[in-house]
Amino acid sequence: MATEVQPKKRLLMIALDFPPCQSAGVQRTYKFAEYLQDFGWDVVVLTVKASVYQQTDAAAGCPDVLHIERCAALDAARDLSWRGKYLGFSCVPDRWWSWALTAIPAGKKLIRQFKPDLIWSTYPVSTAHYIAYRLQRYSGLPWIADYRDPLQSRYDASARRYSGIAKWIEQQTIRYCQQAVFTTDNAARLYHRLYADEPLSKFAVIENGFDEVNFQRLSKRPERTDQRFVLLHSGALYGQGRDPSDLYHAMAGLQREGVINADNFALHFRGFGGTAEQEALLQQLGIRELVHFLPGIPYLDSLAEMQQANSLLLIQGPLFNNQIPSKLYDYIRSGRPVLALTPNKGSTFQTLQPLAHCHCADGVSAVARALRLQLASGQIPVEPTAGEVPANIAAYSRYERTRQLAQLMQQVLTR
């Protein structure tokens, strides 16, 4: 007797960042959309036209989903500016609020056409959750709100003065969604404290991860020609919460001791151009020749570059104690040592602490000790090969994270 094939369920996925967008956050949505098909789901994506993105990466590919609806939208900071300046209120609750004007009617049409079983929306913009809120009230469908990280106003005091509308959207999101999903336990607990009337079960955790397929797509790594110890920071950097000053001072001390110099050590910032304040500090400390600011490169190229470095740098200050940057999981998969400038109370410390070759430090003297330890080892560990990723690292894969999401979605439908 033939086995009856169960029809796939359907998910309406609402996400601003979607291929060909080039950003760190796009991989979470991309891989959920791709791998959910293995767990019995067809995906319909509601996103924006490619012209909305400041940077695109066509080489990164795009998941083969049931349907992708790309709506027109403006980036207020770019499209409503005059001579590079714009009014602050034009970016409330975020720069892409105009997306709601096209996405809400488009979403209603998609619901009528594809009859999804569930709505899923994702940060990092409040407008995505607002669109989902409107579509949930229209359809009555169950809704999972993927917050990833807390709303900025929940951890950054300087954001409070302009976040009133975003806070209202957050209140409606937490009220009407069936699950609010975060990437760390700390963030989920923070939101449960903020919304204590909601059941604890509403706040779930699905961490970010690495994608093994991306690593398998990399060409064989060429032999290193740079004999210096290369400490690499991959991706954007900004002063508030991610300040490299302690590292600069630690490097200056090691240079005075004769441990490092321009011939045996280099700090590379990939995708970050530096600031005038940093340039002044580097000159003052006498380490300008040790630091190199390099232009951004496509995502797959950045993974290959990680595997060339002696050590990988992560800067996650106290402001981000409830968050873990998604690139940390690519760092873990690369098999390289990690130097993390982060407090021991943060989520990043908790993730890295059990892993070999990872050093967490907070303060100039602690950073200097950690860097000295990495310099002393000097060797580049061999990264895991395809099919031989250790179980403790494989648990961080995006495929496993998608399995967790599929299980959560099924629980929501069952309830």
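This is a predicted model: local features need pLDDT of at least 70, side-chain atom pairs count only at pLDDT 80 or more; totals for chains, interfaces and linings use all residues.
Modeller: Two strands count as paired if DSSP finds at least two bridges between them.

Biologist: Okay, so what makes β1 and β4 a pair?

Modeller: Strand β1, residues 9–14, and strand β4, residues 118–122, share 4 bridges in the parallel sense. At least two are needed, so they count as paired. One example: leucine 11 has leucine 118 of β4 as its bridge partner.

Biologist: Where do those two sit in the whole sheet, and why is the sheet called open?

Modeller: The order is β3-β2-β1-β4-β5-β6-β7, with parallel pairing, 7 strands in an open sheet. The edges are β3 (67–71) and β7 (203–205), each pairing on one side only. From one strand to the next, the twist averages 20°.

Biologist: How do you know which helices pack on the sheet?

Modeller: Look at what they touch, where contact means heavy atoms within 4.5 Å. Helix α3, residues 99–114, touches β1, β2 (41–48) and β3, and its direction makes about 160° with that of β2. Helix α4, residues 126–139, touches β1, β2, β4 and β5 (143–148), at about 165° to the direction of β4.

Biologist: What comes just after α11?

Modeller: Glycine 335, which takes a positive phi of about 80°.

Notes:
Residues are numbered from 1 along each chain as its sequence is written. Side-chain values use heavy atoms; hydrogens and water are left out. Axes are lines fitted to C-alpha atoms, for helices over the stretch in contact, and angles run from 0 to 180 degrees between N-to-C directions.
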